[in-house]
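Here are my notes on this one, written for someone new to reading structures. Have a look at it yourself before you go through them.

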Amino acid sequence: MQLTDTASPSTPSWLRRIRWQALLVSLVAAGVVHIVATLIVPKLATGSAWHRIGASLPANRMIILPPATSDKQILPFIGPDVRMAVCRYDVSTGPVYISAVLPDKGWTLGLYTPAGDNFYAIPAQDFRRAEVRFVLSPPADRFLGLFDWGRQPDTSAGHIAVPATQGMVMVRAPMRGRAYTSEIEAVLARAQCVPQRS
């Protein structure tokens with residue numbers, strides 16, 4: 001059996017070029033649609049922590065979430081082996097002071113925007129001190145993200161300029177067993193998220 005070229009010699013060369021150009025344009029368009037969809041879908045998601053509990057949390061106050069059970073999970077994908085303290089921070093009226101103790105490996109503190117972007121995280125480690133303290137500062141006023149206008153952020157180690165005026169602070173504690181429950185809750189209860197005193 002002999003293979004033959006599907007394009008007959010009578011097909012004009014400009015028509016063969018259009019086919020390749022159409023294929024190339026289709027591939028580029030499909031890539032653009034894929035990238036745009038990938039970036040937009042997380043912003044449309046309604047199952048995020050912000051949508052589930054953000055509005056019900058008091059501003060600038062740390063709350064210990066109840067333990068997850070098989071029939072009740074406040075946040076998705078949080079197992080019963082994890083306890084969490086959460087704060088909805090609001091820096092629109094001024095800086096917010098955050099402090100937490102991260103005593104063992106597995107403990108983490110994370111800062112999240114309402115869109116769910118994690119812009120700062122601190123894991124507990126042996127060589128780092130157990131107590132973490134810093135101040136969340138309002139975002140700097142910027143023109144097109146290039147030039148600062150007005151308020152300048154404090155760039156010292158103890159200050160973090162947040163990307164949005166509201167967001168969430170989450171302290172995550174791994175459960176080592178039921179015998180440690182009261183100890184873990186006591187450490188989580190020491191976490192603070194309060195307006196900074198002037």
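The points below cover confidence, the disulfide and the strand pairings.

1. Ground rules. This is a predicted model, so local features need pLDDT of at least 70 and side-chain atom pairs count only at pLDDT 80 or more, while totals for chains, interfaces and linings use all residues. Residues are numbered from 1 along each chain as its sequence is written, and side-chain values use heavy atoms, with hydrogens and water left out.

2. The protein chain has a mean pLDDT of 80, with 77% of its residues at 70 or more. Go carefully with residues 141–156, where pLDDT stays under 50. The model has 15 contacts beyond four places in sequence for that stretch (a contact means heavy atoms within 4.5 Å).

3. The disulfide. There is one in the structure, a disulfide being a pair of cysteine sulfur atoms within 2.5 Å. It joins Cys87 to Cys193, with 1.9 Å from S to S. Cys87 sits in strand S2 (residues 82–90) and Cys193 in strand S11 (residues 192–195), so the pair links distant parts of the chain, 106 residues apart. Strands here are DSSP runs (E, at least two residues), numbered from the N terminus. The link is left-handed, with -50 degrees about the S-S bond. Cys87 and Cys193 are both buried, meaning under 20% relative accessible area with a 1.4 Å probe, protein chains only.

4. The four-stranded sheet. Follow the order S9-S6-S3-S11 and you have an open sheet with mixed pairing; two strands pair if DSSP finds at least two bridges between them. S9 (159–161) and S11 are the edge strands with a single partner strand each, so one side of each has no neighbour in the sheet. From one strand to the next, the twist averages 25 degrees (axes are lines fitted to C-alpha atoms, and angles run from 0 to 180 degrees between N-to-C directions).

5. Strand S3 (residues 96–101) pairs with strand S6 (residues 131–137) in the antiparallel sense, over six bridges. Find Tyr97, and its bridge partner in S6 is Val135.

6. Around S4. Strand S4 (residues 108–112) runs antiparallel to strand S5 (residues 118–123), with five bridges, and Leu111 stands opposite Tyr120 in S5. These two strands make a hairpin with five residues between them, and Gly116 in the turn has a positive phi of about 95 degrees. S4 is also joined by five bridges to strand S10 (residues 166–174), again antiparallel; there, Leu109 stands opposite Val171.

Notes: pLDDT = per-residue confidence, 0-100. Buried < 20%, exposed > 50% of the residue type's maximum accessible area, 1.4 Å probe, protein only.
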